[in-house]
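Subject: The structure we talked about

Hello,

Here is the structure to open alongside this note.

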Amino acid sequence: MDDADLELVQAIAGGDHLAFKRLVERYHGRLFNFLYRYLRDRQAAEDVTQEVFLRIYQAASRFQARGRVRTWVFTIAYNLAMNELKRRRRRRVFGFLVAGGRDSVAVNPLDLSERLELEETLTKALAQLPDNQRAALLLRVRDELSYQEIGEILGVSRASVESLLFRARERLRRLLRKEAAR
Amino acid sequence: MRCHEVKVRLSAYLDRELDSVLERLLRDHLDGCVSCREDLASFQALDAKVQALTHVRMDAEFAEGLTVKVCKDFFGADRSLLGRTGLFGRLTSTVEVLFDLLEAAGSPRTRTLDEFADFPPLSMGYVYCRLLGLCRGD
């Protein structure tokens, strides 16, 4: 996967549009899901996903092969998503604008109500985690990235990732128990 | 190892991110400690719930056109900042850019992306203006 990704990035740097299309196909689903769960807004997640690929296109020639493509892609996504959150907070301060509507997701009709309830509760609880804890948890549990990779993406040490994940799981567990007790 | 030492490492144990010595110590402790085993089980259950969150699909049309959109944006045919258009969007963007520029050094956690490392600092103002479509005659 890594070698294949590296070849794609090198081809993109050489102006190969087909390689870019392949990289988009390979990453857009994972990136969109991470951004959707992190930003909790479909429109913002789509915009940022598009922006991530634009940056990749622009910066492919400067990609340093000593790093992993996957880490690089998620680092760009995380930085852009943080900017989006900062922008939103500023907008809230000035009362400029209301964030986009929540999104409905496709679910298995067999256990629709149960799943919807779990989704809602969990999504709410995830939203209450600090941004860096939420990002670390999503990258680890949903995208199965290593602590080393998460550290590179978040710009923190491996030990900090361990601490972030422990606190995220502790807090999430507490929030879900609190919700269940209602 | 004592319970309080084990509990703070359970998350890393679950992720198989401990070194082999520590992992063995934790495993030994878990063999004989119900409370820590329960904690581990609750973390596992929590992870399973997060994993089970629906895989959200990007709008099919948007996904299909993503490559085209990015290429179009890259070559500057129709560049509006994150799809925002109209006077209100521009005004919002301008104020945001102003705040970005006024923000002192930013958060210590904020890093410069490698892909911007070779940009002269003052050129960022120009880049912002390009993004907002404020540059004329180029």
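A word on terms before the details: helices here are DSSP runs of H or I, at least four residues long, and they are numbered from the N terminus. Please also keep in mind that this is a predicted model.

Let me start with helix α6 of chain A, which covers residues 131-142. From its first C-alpha to its last, α6(A) reaches 16 Å over 12 residues, close to the 16 Å expected at 1.5 Å a residue. How many of the residues of α6(A) are buried? The count is 9 of the 12, so α6(A) is largely enclosed by the rest of the structure. The buried residues of α6(A) are Gln133(A), Arg134(A), Ala135(A), Ala136(A), Leu137(A), Leu138(A), Leu139(A), Arg140(A) and Val141(A). Just past the end of α6(A), Glu144(A) has a positive phi of about 55°.

A partner of α6(A) is helix α8 of chain A (residues 158-181): the two pack at an angle of about 95°, and their axes are 9 Å apart. Angles from 65 to 115 degrees count as roughly perpendicular, and α6(A) and α8(A) are therefore roughly perpendicular to each other. On the α6(A) side, the contact is made by Asn132(A), Gln133(A), Arg134(A), Ala136(A), Leu137(A) and Arg140(A). On the α8(A) side, Val161(A), Leu164(A), Leu165(A), Arg167(A), Ala168(A) and Arg171(A) take part. By type, the residues of this contact divide into 6 nonpolar, 2 polar and 4 charged.

Elsewhere in chain A, have a look at helix α2 (residues 17-39), which has a kink of about 45° centred on Tyr27(A). After α2(A) comes Arg40(A), with a positive phi near 60°.

Now to chain B. Its secondary structure comes to 8 helices and 0 strands. Chain B has 138 residues, and buried ones make up 16% of them. If you take the contacts in chain B between residues at least 6 apart in sequence, 60% join residues at least 24 apart.

Is Lys7(B) buried or partly exposed? With 16 other C-beta atoms within 10 Å, Lys7(B) is partly exposed. Setting aside neighbours within four places in sequence, Lys7(B) is in contact with Cys36(B) and Asp39(B). Lys7(B) and Asp39(B) are 32 residues apart along the chain, while their C-alpha atoms are separated by 7.5 Å.

Best wishes

Notes
Residues numbered from 1 in each chain as written. Chains lettered and ligands numbered in written order. Predicted model: local features only at pLDDT ≥ 70, side-chain atom pairs only at ≥ 80, totals over all residues. Axes fitted to C-alpha atoms, helices over the stretch in contact; angles between N-to-C directions. Parallel < 35°, antiparallel > 145°, perpendicular 65-115°, else oblique. Contact = placed C-beta atoms within 7 Å. Nonpolar A, V, L, I, M, F, W, Y, C, P; charged D, E, K, R; others polar. Bend = angle between axes of the 7 residues up to and from the residue. Buried ≥ 20, exposed ≤ 12 C-beta atoms within 10 Å, placed from the backbone. Expected span 1.5 Å × (residues − 1).
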